[in-house]
Amino acid sequence: MLQTVSAMVETTLIGAVNLALARAMEEDERVLVMGEDVGVNGGVFRVTEGLHQRFGAERVIDTPLAKLAIGGVAVGMAAAGVRPVAEIQFMGFIYPALDQIVSHASRLRNRTRGRLTCPMVLRAPFGGGIHAPEHHSESTEALFAHVPGLRVVIPSSPARAYGLLMAAIRDPDPVVFLEPKRLYRAFKQEVTDDGKALDLDRCFVLRQGHDLTMVTWGAMVQETLDAADALAADGVSAEVIDVATLKPIDMATILASVEKTGRCVIIHEAALSGGLGAEIAASIASDGLLSLLAPIERVAGYDTVMPLPRLEVHYLPSVPRVTAAARRVMAFG
Amino acid sequence: MAPETIFKLPDLGEGLHEAEVVEWHVTLGDEIQEDQPLVAVETDKAVVEVPAPRAGKIAERFGEVGDIVQVGAPLVIFEGAVPDAGTVVGELPVSERRIDDAVSEDIGKAKAIPRAAPAIRALARRQGVDLAQVTPSGPGGAVTRVDIERIAATLVDAAAVEPLRGVRRAMVASMTRAHQEVAPRICDAASSA
């Protein structure tokens, strides 16, 4: 039994992911980290800094620049009982690995009738707002959420990054763990480095309200909380829900909130069409329709390629766009 | 946005890839201002003054007089600037802000919004029916169209009632008394006749 030392640390989302990786590797020798430049260099965003020195090159593996290989090797390792946490440097470059993720990682349990599972985590920074070039700003979480057998998890604070990553690593099935890179160093929070996991497959209610339910995830949680503040100044009480696990979605919490408020605005930075906002809205339409006092609104990215830095501020849902949607919904009385 | 730590030789235009250091205007430890002349470099075309991109203290200087510096190679490093954020592209927003996002485990009881489909709500609004006053008969306690129409019909009957004031009130009072006192006697008289 490993001695568990718990420490309270004030850290960023990056720091929290680093702490969780280190804790998981310390607790379970099957856990290893792999990806491009994650070792000696410490990772493109320094998420894995110090792990190579601490755990060695056999457990912190610098891979070739080959996403398909990263995906395939991780699937093979996971099937063999290793618990790989593979990093893709940017979500915009994850697609070569899709074949391994969609065709194998997600299906291993089903294909072998439960004899093999695929306990791997695929981490990738995602989302815009850092003035990056093409391929470095997209949010395509809906692609992964559409695939049966994959879990999609998106933290929105240091504490949730720590707890959800611990849970993802311990989970016996594959998890796509998407980190909102705009939040990587945007703020700090007290994180207890005690190895405790947060529950997967549940939403987190970050603010209680009774007039309106606002559902969001990732970097948009901050915009939504700011919008809730602006609405509160006008006497509108908004409940803010961080979905956190995008597949499967905890609709019970969202529906309980909508039954209370009767109104719902969904905010995501991914493109509108076919986004997960549509999935949530459809579930509310099926199971929460009788409580609705107003149409469900979605505030999302546009159905265009994520623009380059000069225009990205117009693409990402902003506080004014969110409050405008909320006011339209409130106007139904 | 936090300023860059490392200042690299910028693109000097005209397709030039390198320049020779002619003269340094700053030395290690100098506190300099933005746009202050940093270094003079000579390209194939001309001597160019490179100004400082930001204010700060010079921590390191690269290249001595006579050295060739490539475009994109470091010229100076400023002291006490941002820590290494690692990224090769983009600029991560950095702040010292602290958050404390307490999670609510219990979102409280529903305030019992009457259950009704949107079209039924619209019907209720048109008919002036308050959904909270309707006894629902639909599945899962939902208010139905029939429920709304039943209440609406009651409201139409009730709509004939209005408060009486002044002369009309006095008239109704006396007419009612007359009806109560006179009418029974007429009836009695009629029946005993």
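This is a predicted model: local features need pLDDT of at least 70, side-chain atom pairs count only at pLDDT 80 or more; totals for chains, interfaces and linings use all residues.
Residues count from 1 along each chain as written, and chains are lettered from A in the order written. Local features need pLDDT of at least 70, side-chain atom pairs count only at pLDDT 80 or more, totals for chains, interfaces and linings use all residues, and side-chain values use heavy atoms, without hydrogens and water.

Let's begin in chain B, where 4 strands make an open antiparallel sheet in the order 5-4-2-7. Strands are DSSP runs of E, at least two residues long, and helices are runs of H or I, at least four, numbered from the N terminus; two strands pair if DSSP finds at least two bridges between them. Strand 5 (47-51) and strand 7 (68-70) of chain B each have a single partner strand, so one side of each lacks a neighbour in the sheet. Strand 2 (18-24) and strand 4 (37-42) of chain B pair over 4 bridges, and B:Val21 has B:Val41 as its bridge partner.

Now hop over to helix 9 (251-261) of chain A, where 8 of the 11 residues are buried, meaning under 20% relative accessible area (1.4 Å probe, protein chains only). Among them are A:Ile254, A:Leu255 and A:Val258.

Finally, the meeting place: 38 residues of chain B contact 46 residues of chain A, contact being heavy atoms within 4.5 Å. The rule finds 4 salt bridges across this interface, each a side-chain nitrogen of Lys or Arg within 4 Å of a carboxyl oxygen of Asp or Glu. B:Asp101 and A:Arg160 join in a salt bridge at 2.6 Å, N to O.

Note on methods
Buried means under 20% relative accessible area, exposed over 50%, partly exposed in between (1.4 Å probe, protein chains only).
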